[in-house]
Amino acid sequence: MILSRYTLKNIPSENVQKPDEAIFDLPEKVLQFGTGVLLRGLPDYFIDKANRKGVFNGRIVIVKSTSGGDAAAFEKQDSLYTLCVRGLENGKPVEENIINSSISRVLSAAEEWDKVLECAHNPNLQIVVSNTTEIGIELVNDDIRKHPPVSFPGKLLAFLFERYKAFDGSKQSGMVIVPTELISDNGKKLESIVIEQAHLNGLDASFIEWLETSNTFCNTLVDRIVPGKPAADAKAAIEKQLGYTDDLLIMSEVYRLWAIEGDEHVKSVLSFAQVDPGVAIVPSITKHKELKLRLLNGTHTLSCALAYLAGFNTVKAAMADKTVCGFVSDLMKKEIAPAIPYKIDAAEAEIFADSVLDRFANPNIEHQWLSIAGNYTQKIEMRVVALFGQYISVFNKVPELMTLGVAAYIQFMKAVKKDGNKYFGIANGSEYPITDDKAAYYFERQQLSDNELVVDVLGNTAYWGQDLNNLPGFTEAVQEQLNEIVTNGALAAIKNIQKSKILA
């Protein structure tokens, strides 16, 4: 039995949440650019949840801009799909299966652009959501009179121009535009590109004024791991349990966050935010960005080389080890949290850190440390360098756990083999790829002693924006930790520093 609107009545409700028939009659309120799993696992999840509670009462019409994926599956299943939520919350396992009914239809931009423009005439439509990858929000030479325009900003501008004409430029017809692309200030960047394209296309001044004053472009931050479709055997097992097949079935973790910069008007339009604390509409999302950047991403960055060198290939495997788990928890809570260069309530940081530990330990997600180590040097600079000096300033001592993470990074980056443009290191008797554009720098410094290498690396101002050798005691601490890793191994180094912390 294939999942569809007309087979819902035959699907047992013991193992899955099913939508009410009345949801299919709700008006379209959202235009969404993209069919990807992040959108279906996060924004569409919130909208579906609100509809079930009778709060938002609106559905999504999707614009499919790429040739990838299969739009036919949406049509065959009446745009229904199953979201399987798996993971830990407050240390306890969570398992939910939800038939999401938030999507009304999927339109192909290439083949149905006229229908997309027709949506601009819908007075109920108030929201635009997008996830076109980071490359999607770029200024290109685009003609909005094409069917369709080439770029996402061009398509959005064409839609907004059509709406302006349809409603004679009324202020009430403006849209709330909520991009989810993973770039800083995504809303403001999208707005600037759309306005620039309006000028390049010679659109009249009254439209540009409406564009700037009647529409709201929101900066956002999204955070949820949505791996997508599970492996074939896992999918078959889930479908057997649920009693139907679903070509659009996806999985996600439990944790969810959609932080949106907005005012009271944005809150009233995005009314689905009321039903889940995972949606935060706030004047500034800086706090949420800092929590994610430092406690989630920063902890990943300072742990990945150490855990991999200690013999753990995945995050969940490392978190299953008591010693490594203790290190990660202490690193996050005792060193990173109090060193965040932004005023954040300690209790709030503790809650976020606990959620991160649940996410790291999720037994349903295979996070490879080698994947996390991609572009390693850049991640160190962006996520953790600012923490070093801040910690020293606050506590007047070196952050021992962070320096162990930095030492492990240097050991990991020691490229000992070159094959074309690829570089490799060796750990635990096996080669591993170093997917970092700075690998050549380390390969060229094989003749340096470990102590010399630490001084050379920390002094590279082109990488860090500062000479880290100038931080009091930092160089010596990294040298000591690197010697410990080289002499006794990464796992022994973790155990040793954990032991010293307990004794202290």
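Reader: Hi! Which way do strand 3 and strand 10 run, and how many bridges join them?
Author: Strand 3 and strand 10 (residues 250-252) run parallel and are joined by 3 bridges. Strands here are DSSP runs of E with at least two residues, helices are runs of H or I with at least four, and both are numbered from the N terminus. Two strands pair if DSSP finds at least two bridges between them. This is a predicted model, where local features need pLDDT of at least 70, side-chain atom pairs count only at pLDDT 80 or more, and totals for chains, interfaces and linings use all residues. Residues are numbered from 1 along each chain as its sequence is written, and side-chain values use heavy atoms, with hydrogens and water left out.

Reader: Nice. What is the bridge partner of L83 in strand 10?
Author: That partner is I250.

Reader: And strand 4, how does it run with strand 3?
Author: Antiparallel: 9 bridges join strand 3 to strand 4 (residues 92-100).

Reader: Why is strand 3 largely enclosed by the rest of the structure?
Author: Because 7 of its 9 residues (81-89) are buried, meaning under 20% relative accessible area with a 1.4 Å probe, counting protein chains only.

Reader: Switching to helices! At what angle do helix 10 and helix 12 pack?
Author: Helix 10 (residues 286-309) and helix 12 (residues 322-336) pack at about 135 degrees, with axes 10 Å apart. Axes are lines fitted to C-alpha atoms, for helices over the stretch in contact, and angles run from 0 to 180 degrees between N-to-C directions.

Methods: Buried means under 20% relative accessible area, exposed over 50%, partly exposed in between (1.4 Å probe, protein chains only).
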